[in-house]
Amino acid sequence: QAGNITVANAVTWSSGSTLTLSAYGSIVVNADITGGAGSSIVLHADNTGTGSGTVTFGSGATLSAGSSISLFYNPSSYAAPTDFSSRISSGSLTAYMLVNTVQDLQDMNTNLNGIYALGRDIDASATTGWNGGAGFAPIGSTSNLFFGTLDGQNHVISGLFINRGSQTGVGLFSDIGSGGKVFNLGLVGGSVTGDAAVGSLA
């Protein structure tokens, strides 16, 4: 089946427990979800990183948590993240845009302030044939830093190839600004070449 989850009736609990809804497809919230003091809510669409699942809300439906709310979804584009703020009654919201392919990884350049999460391990070996042999283009630059967030969710990127011999600030990220965060991410194999300030991650 499509692997979608629909919240059709209100869900309420009084404890500080975490409610996690994890869907192969999409999550549709048509009724309120309300947790107790210290509670958290996690809505994870496209939980295998292989589809286009997202999180949507029906008219008037909201989320309320005593602590945190985490959403994982596929946006229409990284340059235009979905604004879920009107759907949050209480709780600290973090909405992660999923990165499922090496092209998704490259497209992070379209929003250097975005909040991202790897949805799966990424095989980046195809980058050896990109850009006439120059490979992957680092995310951001020394004059246009990455100020966003990338949670690797303990996934790995393998075989990343970057060949920018005359460029300064070369790596998966060219430069990470103050407040920018990259964590829970592994890099395996690959090759990174640059002129100065070179590293596999940044």
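Accessible areas come from the Shrake-Rupley method with a 1.4 Å probe, and for residues only the protein chains shown count as cover. On that basis the protein has an accessible surface of about 8800 Å², and carbon and sulfur atoms hold 47% of this surface.

The model is predicted: local features need pLDDT of at least 70, side-chain atom pairs count only at pLDDT 80 or more, and totals for chains, interfaces and linings use all residues. Residues are numbered from 1 along each chain as its sequence is written, and side-chain values use heavy atoms, with hydrogens and water left out.

The protein contains 15 strands and 1 helix; these are DSSP runs numbered from the N terminus, helices being H or I of at least four residues and strands E of at least two. The C-alpha atoms fill a box of roughly 60 × 40 × 25 Å along the principal axes.

The whole structure has 6 aromatic pairs. Rings of Phe, Tyr and Trp (its six-membered ring) pair if their centres lie within 6.5 Å; planes under 30 degrees apart count as stacked, over 60 as edge-to-face and the rest as tilted. Tyr78 and Tyr116 are edge-to-face, because their ring centres are 5.1 Å apart and their planes at 85°.

| Residue | Relative accessible area |
|---|---|
| Tyr78 | 8%, buried |
| Tyr116 | 0%, buried |

Phe57, Tyr73 and Phe84 form one aromatic cluster.

Definitions and conventions: Buried means under 20% relative accessible area, exposed over 50%, partly exposed in between (1.4 Å probe, protein chains only).
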